[in-house]
Amino acid sequence: MDFDQIPIDPLRAFGAWCLVVIAFSLVCLLVALAISMLAAGLKGPGLVAETLFRGARDLATQLPRRVGALATLTFRESVRKKTLFIMGVFILLFMFGHWFLAGQSLESAAKRHVVFVMTAVKWLLIPVAVILSCWGLPADIKERSLHTVVTKPARRSEVVLGRILGYSGVMMLMLLVMSVLGYIWLLRSVPPGARSQLIARVPVYGTMSFISREGVENEIKGINVGDIWEFRSFIEGMTNARAVYIFDASAPEVEQMDDLRLEYNFEAFRTHKGVMGENVRFSFHFVNNSKHYQVKFPRSSIPIQEFAVDPEKRVVIVPRKLDTRNSDIRWLGDYGKSAGPPPKELDLWNDLRENGKLQIRVSCDDGGQYLGMARPDLFFRLPDRPFLVAYVKSMFGLGLMLILLVTLGTTASTFVKGPVATLLLGSFLMIGQVMRGLLEEHLQQTRDTGRPLGGGMLESIYRILTQDNQLSPLPDNVFTRTIQWIDQRIIEWLGAMQNLIPDFRIFDGTPYLANGFDIPWAVRTLPVILTTIGFLIPCLIVGTYSLMMRELEAK
Amino acid sequence: MAAETNSDNVIEIRNLTKVYRDFWGRKKVQALNSLTLDVKKGEVFGLLGPNGSGKTTTLKLLLGLLFPTNGEVRVLGKPAHDVDKNERIGYLPEESYLYRFLNADETLDFYGRLFNMPPAERRRRRDALIERVGLQNARRRQLKEYSKGMTRRIGLAQALINDPDLVLLDEPTSGLDPLGTRDMKDMILDLKREGKTVVMSSHLLADVQDVCDRIAILYAGELKVLGHVQDLLQSTEETQLRTGRLSEAALADVKAVLARHEVELKEVSHPTATLEELFLKTVSESRQRPGHRFVAEAPAAGSSRG
């Protein structure tokens with residue numbers, strides 16, 4: 001999991017949302033116009049306009065009391081139909097789960113327990129949310145209980161919103177109970193030796209570039225040592241190669257730190273055995289170009305703790321005052337020839353920070369060995385937050401995911417029956433949770449190279465049937481040009497569709513929590529909130545029109 | 001339609017046609033064919049017809065639960081799809097499609113909230129209606145435990161929660177025992193006395209005759225008869241006399257008078273009570289004298305069951 005994700009820009013996100021909503025609305029409008037004209041001829045557009053007006057009025061005249069009544073009804077219905085019994089399964093899991101988790105190494109004990117709790121809560125509640133939301137309204141229509149509601153002044157939008165709120169309330173209640181039980185279970189079940197791993201680290205990431213072994217600066221990548229996973233780039237030991245990290249050190253919470261805590265997660269690539277029993281070594285070099293300082297810290301190199309699971313073992317504490325006892329202070333380049341000897345002591349923030357930024361270069365100090373790193377592999381570690389904070393944030397994200405599922409399920413159930421709505425929502429969940437990565441990769445390849453590797457769906461089928469490999473060019477004829485043209489349209493359609501399917505991965509805070517990280521606001525919590533609202537509004541509109549345009553009596 | 005609009009009309013139906021279609025748009029059945037009728041303010045109007053004649057379809061079109069294939073419907077001066085009209089309507093469905101997991105109090109409170117009633121008014125209306133339909137002893141029981149009659153009562157109570165001007169009752173006496181039927185009919189007459197307009201559909205003719213001012217008879221989706229019950233049922237071809245018990249001599253005199261006027265005497269008999277009257281009388285007496293039992297006559301000597 002990549003913990004170094006780009007923070008959301010709410011304004012840009014809002015712009016993109018507006019674009020998608022407008023495009024979707026236009027498509028719906030065109031389809032409605034076409035159907036209405038087929039059904040009613042020239043009266044069609046008038047009917048569409050009237051329906052649009054009625055829907056807008058329906059949405060605009062909602063009353064909190066009616067929505068509250070419908071939400072309470074939905075909540076009562078779920079509770080009295082014994083939905084909460086699912087918590088019994090949860091309790092059973094927790095009664096015996098400890099049997100399978102105990103007795104393994106302490107190194108990752110906390111992680112195992114956290115993943116167990118989060119997975120249990122998530123996958124017990126998701127099916128409940130799907131079934132409740134997809135089956136509730138169709139059952140209400142089938143049993144005609146809804147007749148007694150819509151023959152009152154209740155708006156269709158109130159029915160949809162009431163259902164969403166009611167089911168969300170039930171899910172939140174279950175989530176709350178499970179969260180509390182899960183937290184207590186974690187505190188009791190994680191072995192005492194591993195409880196220190198229940199933390200919420202707060203990282204500050206920087207930007208990254210490389211200096212090549214020849215000393216060329218601002219390289220995007222280092223050396224590829226042949227690893228198919230290109231996440232990390234490597235620098236060669238005992239050469240000019242450096243990984244250059246630049247951190248924004250102007251934030252108050254950074255300045256308030258007396259000592260700088262640097263946590264790394266580097267990977268070694270060995271071309272020879274080296275010294276048996278010793279790890280590959282590296283150093284940090286703090287550089288201020290304007291003042292020409294270059295400070296190697298610590299004086300002696302650091303052996304990397306490549307396989308340590310406990311993050312504390314990979315923390316390097318840099319004191320605020322760097323002096324010649326703990327570091328090697330030098331002038332940068334040839335500056336010393338004119339400036340004389342460098343000072344004996346430097347202040348980390350006052351002397352080494354340049355325009356609020358702190359530049360740290362990483363060198364590999366073993367000749368013939370390589371050190372691999374990526375942007376998130378080195379970060380400032382701000383004071384840790386309590387584990388409970390990250391746990392609550394993680395459960396909050398899960399709660400919003402359940403609300404989103406309920407929203408989508410309820411909306412689907414306004415125009416299709418329960419089984420179909422379940423299938424539809426299940427597909428959304430599978431694409432948004434599992435296949436989203438594949439889809440994004442596919443689209444990225446198309447953007448980068450004009451077409452995905454091996455072509456689109458039809459081209460791939462063609463290649464399988466003709467036993468052609470992915471790289472060889474296709475014969476140039478009408479048939480292959482046609483299938484490539486169709487593939488291109490399918491890819492464009494997929495690109496448009498991915499905006500209509502939420503990315504459920506962002507709701508899952510488990511990787512952060514299990515690896516001892518706090519869940520960052522701008523990277524996870526805010527996007528999750530915005531995504532939920534971003535789907536709730538259009539879903540409410542779609543659900544309203546859908547209920548309004550169907551004959552509730554028709555089965 | 002606007003030209004024919006009358007302010008006394010609570011419901012105006014013009015050339016209403018409803019065709020049910022399947023998924024592919026193929027015609028399945030024509031439930032209504034060019035129905036035109038009005039319902040006036042303050043009357044009890046009965047929609048009569050055999051099963052499948054279009055009564056319930058008409059009610060559902062009035063409520064906006066179905067969309068007309070052709071024609072227009074106005075209820076309380078508004079189109080059928082206008083939700084605002086529901087502020088003044090009460091509806092009792094054919095079956096009581098209420099939420100069976102709620103109890104009577106919760107049911108009425110829920111529907112009261114849909115009318116945006118404040119809590120105090122909801123409580124007041126709820127208590128009054130529960131008393132009116134006689135469910136004081138069952139108000140805390142979930143509706144799934146209710147008998148059919150109790151379900152109809154709470155159904156009627158929810159239909160009246162907003163003190164409606166127009167009450168639509170779909171088969172209101174369906175499935176009720178004679179006592180329940182009598183109570184329901186009494187309540188309908190009470191509604192009429194309160195000045196409300198009632199439209200009821202039924203195929204139980206006696207019930208309709210007892211309470212309705214006007215009726216429409218539908219058959220296969222078409223209006224066959226429309227008018228006042230009294231006018232429709234009254235026969236001017238025959239005369240009925242009702243007197244105290246006549247002696248044989250008096251009866252002979254009457255026959256002689258009729259013969260003198262050349263009037264055919266068709267029937268002379270003692271009137272019989274209806275079974276409903278007998279049943280209601282028996283139940284009423286049983287309530288007053290709980291210990292009293294009917295004792296069968298001893299069979300005559302020598303008789304035996306076949």
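The model is predicted. Chain A has 555 residues, of which 35% count as buried, and its secondary structure comes to 15 helices and 15 strands. In the contact between the chains, 24 residues come from chain A and 24 residues from chain B.

**Overall form of chain A**

- The C-alpha trace of chain A spans about 90 × 65 × 45 Å along its principal axes.

**Nonpolar cores**

- The largest nonpolar core contains 139 residues. Ala129(A), Leu402(A), Leu405(A) and Leu168(B) have the most contacts inside this core.
- Helix H5 of chain A, residues 109-142, gives the most to this core, with 16 residues.
- Leu405(A) is in contact with Ile126(A), Ala129(A), Val130(A), Ser133(A) and Leu425(A), when its neighbours within four places in sequence are left aside.
- Another core, of 39 residues, lies apart from the largest one. Leu260(A), Tyr264(A), Phe284(A) and Leu358(A) are among its residues.

**The side of chain A that touches chain B**

- H3 and helix H6 (145-150) of chain A each supply at least two residues of the side that touches chain B.
- H3(A) gives the most to this side of chain A, with 8 residues.
- By class, the side of chain A that touches chain B has 12 charged, 7 nonpolar and 5 polar residues.

**Packing of H3(A) against H2(B)**

- Helix H3 of chain A (residues 64-80) packs with helix H2 of chain B (residues 104-114) at an angle of about 150 degrees, and their axes are 8 Å apart.
- Angles over 145 degrees count as roughly antiparallel, and H3(A) and H2(B) are therefore roughly antiparallel to each other.
- The crossing of H3(A) and H2(B) is left-handed.
- On the chain A side, the contact is made by Arg65(A), Arg66(A), Gly68(A), Ala69(A) and Leu73(A) of H3(A). Phe110(B), Arg113(B) and Leu114(B) of H2(B) make the contact on the chain B side.
- The residues of this contact of H3(A) with H2(B) divide into 4 nonpolar, 3 charged and 1 polar.

**Packing of H2(B) against H4(B)**

- Within chain B, the axes of H2(B) and helix H4 (residues 148-159) come within 9 Å and cross at roughly 25 degrees.
- Angles under 35 degrees count as roughly parallel, so H2(B) is roughly parallel to H4(B).
- H2(B) passes H4(B) in a right-handed crossing.
- From H2(B), Ala104(B), Thr107(B), Leu108(B) and Tyr111(B) meet Ile154(B), Ala157(B) and Gln158(B) in H4(B).
- The contact of H2(B) with H4(B) has 5 nonpolar and 2 polar residues, and no charged residues.

**Backbone features of chain A**

- The peptide bond from Phe297(A) to Pro298(A) is cis, with omega near -15 degrees. Pro298(A) lies in strand S8 of chain A, residues 293-303.
- His292(A), a residue other than glycine, has a positive phi near 65 degrees. His292(A) is located in the loop between strand S7 (281-288) and S8 of chain A.
- With 17 other C-beta atoms within 10 Å, His292(A) is partly exposed.
- Asn355(A) also has a positive phi, of about 55 degrees, although it is not a glycine. The loop that holds Asn355(A) lies between strand S12 (345-347) and strand S13 (357-364) of chain A.
- Asn355(A) is exposed, because 9 other C-beta atoms lie within 10 Å and a residue with 12 or fewer counts as exposed.

- Leu439(A) is placed in helix H11 of chain A, residues 418-449.
- Leu439(A) is partly exposed, with 17 other C-beta atoms within 10 Å.
- Not counting residues up to four places away in sequence, Leu439(A) touches Leu494(A) and Gln498(A).
- Leu439(A) and Ile486(A) are 47 residues apart in sequence, and their C-alpha atoms are 17 Å apart in space.

Methods: Residues numbered from 1 in each chain as written. Chains lettered and ligands numbered in written order. Predicted model: local features only at pLDDT ≥ 70, side-chain atom pairs only at ≥ 80, totals over all residues. Axes fitted to C-alpha atoms, helices over the stretch in contact; angles between N-to-C directions. Helix = DSSP H or I, 4+ residues; strand = E, 2+ residues; numbered from the N terminus. Parallel < 35°, antiparallel > 145°, perpendicular 65-115°, else oblique. Left-handed = near helix turned anticlockwise from the far one by under 90°. Contact = placed C-beta atoms within 7 Å. Nonpolar A, V, L, I, M, F, W, Y, C, P; charged D, E, K, R; others polar. Core = buried A, V, L, I, M, F, W, Y, C linked by C-beta atoms within 7 Å. Buried ≥ 20, exposed ≤ 12 C-beta atoms within 10 Å, placed from the backbone.
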